[in-house]
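Dear colleague,

Please read them with the coordinates open beside you.

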Amino acid sequence: MSLLRHLGGIELEEDYCRFKEITHSRFLRLFVYNPAFRYQFYYRLRIHSKVWHILLKPLVPFNFLNLYMCCKDIGGGLFIQHGYSVGLGCDKIGKNCIINQNVTIGYNDSYHCPVIGDNVHICTGAVIIGDVKIGNDVIVGANAVVVKDVPDHSVVAGVPAKIIKTRSDMNSEWVKV
């Protein structure tokens, strides 16, 4: 574990722990058979060290997943389910987030980028665009289009996304709105 922290920072170690917890796989199996983990591993190395940034630069075009990551700050414990056609262009992604395939998190210009909170699950096909803030403990439903802020402890779905469930804290039951 300390080797991962040394290579890519505490976030890389947290990412590995999260992947290991969800997939029940060890590092070598994840690295060989899980392209989303492998790409995320390379991303953390490139962000953490200028030397790795230069050495791994030639591998960037060989991103067969079409997984695009361009975030200023990604918290540890990020789990990208499949990574196919995922575009992450945002200011921040919090800790322990889960992102499924075909997700787009983007911006409409260079000054208005989304901010994603902690413990957020973004389901398949969701789109989050514009100057949007997603709170902590949020679930964004499949194929939802989020164009407005989402408060903490919410489930949003639809086009455009609307709050369909809420709860008072992470340990409470979901209540329909």
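The expected span of a helix is taken here as 1.5 Å times one less than its number of residues. Please keep in mind that this is a predicted model.

With that definition in hand, helix 3, which covers residues 35-48 and so has 14 residues by the DSSP runs, reaches 20 Å from its first C-alpha to its last, close to the 20 Å expected. At its N-terminal end the helix is capped by Asn 34, a side-chain oxygen of which lies 3.2 Å from the backbone nitrogen of Ala 36. Ala 36 is itself among the buried residues of helix 3, which also include Phe 37, Tyr 39, Gln 40 and Phe 41, together with Tyr 43, Arg 44, Leu 45 and Arg 46.

Turning to the aromatic rings, the count comes to 11 aromatic pairs. One of them is formed by Tyr 16 and Phe 27, whose rings are edge-to-face, at 5.8 Å centre to centre and with 65 degrees between the planes. This pair links distant parts of the chain, since Tyr 16 belongs to helix 1 (residues 2-23) and Phe 27 to helix 2 (residues 27-33), 11 residues apart. Tyr 16 counts as buried because its relative accessibility is 8%, under the 20% cut-off, whereas Phe 27, at 27%, counts as partly exposed.

Tyr 16 also pairs with Phe 37, and because the ring centres are 6.3 Å apart with the planes at 55 degrees, this pair is tilted. Tyr 16 lies in helix 1 and Phe 37 in helix 3, so the pair ties together parts that are 21 residues apart in sequence. Phe 37 is buried, with a relative accessible area of 1%. Both residues belong to one aromatic cluster, which is formed by Tyr 16, Phe 19, Phe 27, Phe 31, Phe 37, Phe 41, Tyr 42 and Phe 79.

As for the nonpolar cores, the largest has 30 residues, of which Ile 93 and Ile 122 touch the most other members. Helix 3, strand 1 (67-74), strand 3 (86-93) and strand 10 (138-140) each supply at least two residues of this core. Leaving aside neighbours within four places in sequence, Ile 122 is in contact with Ile 98, Ile 99, Asn 100, Val 103, Ile 105, Ile 116, Ile 128 and Val 140. A second, separate core of 11 residues includes Leu 12, Tyr 16, Phe 37 and Ile 98.

With best regards

Technical notes. Residues numbered from 1 in each chain as written. Predicted model: local features only at pLDDT ≥ 70, side-chain atom pairs only at ≥ 80, totals over all residues. Heavy atoms only, no water. Helix = DSSP H or I, 4+ residues; strand = E, 2+ residues; numbered from the N terminus. Buried < 20%, exposed > 50% of the residue type's maximum accessible area, 1.4 Å probe, protein only. Polar contact = N/O pair within 3.5 Å; in protein donor to acceptor, adjacent residues only side chain to side chain. Phe/Tyr/Trp six-rings, centres within 6.5 Å; stacked < 30°, edge-to-face > 60°. Core = buried A, V, L, I, M, F, W, Y, C linked by side-chain atoms within 4.5 Å. Contact = heavy atoms within 4.5 Å.
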